[in-house]
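Work through the exercises below with the structure in view. Each task is followed by its solution.

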Amino acid sequence: DPPDSILSAYYTESNVTNSTPSSVWFDAVDTNGNRGYVADPTLFRRSVLQWHSQHTNATYWDRLQRYQSHLQLDINSSDSLTMDEICSLTERKGGRELNDGGMKMVMEFVKVDTTPIVRKGCTENPPLQHDRPKLFCGIYTHNPARDFTRLAALSYGWKCDGFLAFSTVTIPSLGMVGLLHRGEEAYGNMVQKTRSIWSYIATHYLDQFDYFHIGGDDMHVIVENMRSLLLEHETKIYDAGKQGRIFGQLTPTGNHHFFRGGAGYTIDRVGLKRLHDYMPKCATKTYGPWEDNIISKCAWDLRLTFSDNRDSCSGQQRSHTENPGVLFNAQGLSQSEIDKRLRIWASLPHPIIPTREVGLKVGLDAASNHSVTFHRLHYPPWMVRHHALLYHACPSNTPLGNFANEKGDSITAGGA
């Protein structure tokens with residue numbers, strides 16, 4: 001049998017030729033290290049659904065403990081990710097992410113859409129006679145973060161119609177792809193890695209999906225809410241309707257706006273096709289970590305339709321480059337960051353009352369009831385706990401479940 005992964009030594013550019021122009025240099029390798037590998041982006045979702053069909057009573061906790069657990073780098077890492085462990089820690093006992101404000105935001109304020117909702121202003125309606133747009137989710141990662149990537153995939157990745165984790169190894173059953181790109185594999189070369197990710201996606205999957213979302217491996221996507229957001233975009237009338245769309249957490253800066261990359265941004269099929277065609281002119285010799293700014297600049301040059309993910313009723317942000325605890329009380333943000341980011345968003349026009357500004361959003365109002373992504377969930381228990389709180393997977397007889405009950409909420413264990 002072929003090995004489950006390959007060594008990351010393939011990330012050298014020397015003595016390697018490629019059939020694509022050097023300015024659009026991308027490829028992937030299979031589990032034997034052979035180039036030209038095209039991953040199946042639906043395999044991971046189908047595998048998880050098949051696993052659940054064979055384990056009909058399995059919960060989220062069972063999935064974390066048992067699905068492809070032998071592929072973990074640290075085979076014992078799941079010991080700290082059991083329901084008892086994750087649901088036992090409170091702010092008073094540990095976990096620096098667990099301040100009461102952040103927990104309240106995730107458990108009570110942010111709502112997960114059980115069915116897709118079309119939102120127009122402050123009006124909410126179920127979709128009528130509308131096909132569900134197909135969503136591809138991708139993350140950028142590397143093999144040392146394999147166990148973390150597995151958790152992200154098992155938490156939300158399997159809910160997307162397609163999912164791939166662009167890594168330094170190929171492990172099909174976890175959706176991981178050993179991606180080749182220009183330059184070294186390093187955070188300081190995220191520009192070239194992201195150019196290659198988008199080109200790889202556009203080359204192989206453009207016709208399979210309607211929208212394409214990528215972000216960091218420490219991002220969590222509320223896929224149900226993302227699907228509602230896609231329907232919101234589907235029903236909008238765009239002046240540049242056939243020019244392509246890109247949307248996320250939009251930040252005005254300098255001569256162009258840019259989307260913050262960690263929490264992810266989304267491109268529709270038309271926009272991705274145009275971006276891929278433009279890649280020979282898009283930062284071909286730029287090496288640095290600012291992939292979000294660079295890709296946004298290329299999209300700006302193409303005059304793609306830029307939209308932010310603000311709540312269409314309140315103006316609150318729905319994509320968050322921070323985690324809930326930081327969002328709630330600006331803990332960990334410098335004054336300059338608060339001035340640059342929060343005050344920029346505060347000065348934006350209100351979506352319902354254009355003569356008013358949105359105003360500074362702090363505390364629970366820093367997020368929307370319909371938020372779609374959070375970022376900087378930096379380590380495995382944090383990712384799992386965040387997901388468990390969102391989907392009410394901690395039983396009422398645990399500290400975190402009891403925390404919710406004290407607030408009048410009802411928490412039951414189960415899959416999510």
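**Exercise 1.** State how many bridges join strand E4 to strand E7, and in which sense the two run.

Solution. E4 covers residues 135-140, and E7 covers residues 211-216. Strands here are DSSP runs of at least two residues, helices (H or I) runs of at least four, both numbered from the N terminus. The two strands are joined by 6 bridges and run parallel; two strands pair if DSSP finds at least two bridges between them. In this pairing, Cys 137 has His 213 of E7 as its bridge partner.

The model is predicted, with local features needing pLDDT of at least 70 and side-chain atom pairs pLDDT 80 or more, while totals for chains, interfaces and linings use all residues. Residues are numbered from 1 along each chain as its sequence is written, and side-chain values use heavy atoms, without hydrogens and water.

**Exercise 2.** Decide whether Tyr 140 is buried or exposed, and find its polar partner.

Solution. Tyr 140 lies in E4. Its relative accessible area is 13%, so Tyr 140 is buried (buried: under 20%; exposed: over 50%; partly exposed in between; 1.4 Å probe, protein chains only). Its side chain makes a polar contact of 3.1 Å with that of Glu 291. Such a contact is a pair of N or O atoms within 3.5 Å, one able to donate a hydrogen and the other to accept it within protein; residues adjacent in sequence count only if both atoms are side-chain atoms.
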